[in-house]
Amino acid sequence: ELRDLSLARSRVHGNINVIISMPELVKADLSGTAVSGDLVALEYGCCTKLRELHLGDTQVRISPVARVQRGLLPALRSFNVSGSKLNVSVNNLLESLATTRMTSIFAAGCGLTGNVHFEGPSSKPLLSALQLLDVSANRLDAVLTSLANLRLDVSRNEIPLRVSPDFIKAVAKSGKELWMADTELANQEEIMANCSNELQLEQMWTARDSGGYSCHDLARRNLQVTPELFLPQLMCACGPGHFGIGTNCSACPEDTFNDQMDQSECQACPQGGKAPAGSQALAACKCPYGSPGTFENKAMCLCDRNEALTDAQKCVSCVENHLQCNSPMDRLATAPLKDGYIRLKEPSEEIFECLDPQHCSKSNCTPGRAGPPCASC
């Protein structure tokens, strides 16, 4: 008496109805075979001990039912038809299995359409037992309701998927699980307006490989989404070297930079500075003299410490030019002079040494002295 039928990925073919002749069957794996037939056509009372049925990537179909067939596969707990082109609505699938007490249904990539919702007294046995429903990689329109302890997988949906705000709130507050990775949310504005307070984000940004943006993941792992497809304006922002909103990011133009997240525009390099497109820091700007820096919160080209700027836009040594430099903005023509040195006029880049330091005071000749070295009376 056969209890385990394992013919996965073999050359077997024929009608699924053959399992009617195997009353002691507990597990059947016919996935990846040429088995065909209509599951709904199985006779009443068939396969009363069958708990696992794997029909993924077969030619089995499930016809829409006018009424629920009671007694269909009464012991079945796990059912897998992933990859089998059923081409029916998700409601047709659930209705055909409504009187079973399955805990797991795998129907990924089956050509399912329509809305995911659970209602109706005829489906009460299935609703009370079901814990996992995988309808990923289909062409669903909406998720309207779910079950208290159900893990619902609608990942990789082929078209944008509408999700009820009430369901999103319920998932955010409870242990319900909704997996919709790589699925675009169709009603983003509605969810933003009604659910943004319930959706807690992780603080850390995660950079994407392309697009110039980074995203927050959701703090609660029971709701699994792809941020840039779910709520990009809430969860994503342009990163350094880029500007824009959400995932609509552009690289900073030449001679600009951005070193922060979530900026609507890039900052210009200091006057005369040059930088390649997409620069992520002020340091990327190449100055005509000195190096880029900030002074009083303004980006500018600055000479190095102990250097002063000439009128010809060159940085020269303060020590060699007898200057007492104390600011990154010091210029050769105006910086304070060391004792014993003088300018004939202010401002001036011509600096003279006094013949007698006593005749010079604070860059000027003392009273009664004049001339370049303060020598004349």
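Student: Why is the disulfide of Cys252 and Cys266 called left-handed?

Tutor: The torsion about its S-S bond is about -80 degrees, so the disulfide counts as left-handed. This is a predicted model, in which local features need pLDDT of at least 70, side-chain atom pairs count only at pLDDT 80 or more, and totals for chains, interfaces and linings use all residues. Residues are numbered from 1 along each chain as its sequence is written, and side-chain values use heavy atoms, with hydrogens and water left out.

Student: What makes Cys252 and Cys266 a disulfide?

Tutor: A disulfide is a pair of cysteine sulfur atoms within 2.5 Å. The sulfur atoms of Cys252 and Cys266 are 2.0 Å apart, so the pair meets that cut-off.

Student: Where in the chain do Cys252 and Cys266 sit?

Tutor: Cys252 is in the loop between β20 (248-251) and β21 (256-257). Cys266 is in the loop between β21 and β22 (267-268). The two are 14 residues apart, and the pair links distant parts of the chain. Strands here are DSSP runs (E, at least two residues), numbered from the N terminus.

Student: What makes the disulfide of Cys303 and Cys315 left-handed?

Tutor: The torsion about its S-S bond is about -85 degrees, so this disulfide is left-handed. Its sulfur atoms are 2.1 Å apart.

Student: Which parts does the pair Cys303 and Cys315 tie together?

Tutor: Cys303 lies in the loop between β24 (298-302) and β25 (307-309). Cys315 lies in strand β26 (residues 315-317). So the pair ties together parts that are twelve residues apart in sequence.

Student: Why is Cys303 called buried?

Tutor: Buried means under 20% relative accessible area, exposed over 50%, and partly exposed in between (1.4 Å probe, protein chains only). Cys303 has 9% relative accessibility, so Cys303 counts as buried.

Student: And why is Cys315 called partly exposed?

Tutor: Cys315 has 25% relative accessibility, so Cys315 counts as partly exposed.

Student: What about Cys110: how far away is the nearest cysteine sulfur?

Tutor: That sulfur belongs to Cys47 and is 20 Å away. Cys110 is in no disulfide. At 0% relative accessibility, Cys110 counts as buried.

Student: Which disulfide does Cys47 form?

Tutor: Cys47 pairs with Cys46, their sulfur atoms 2.2 Å apart. Both Cys46 and Cys47 are buried.

Student: How many disulfides does a search of the whole structure find?

Tutor: The search finds eight.

Note on methods: Helix = DSSP H or I, 4+ residues; strand = E, 2+ residues; numbered from the N terminus.
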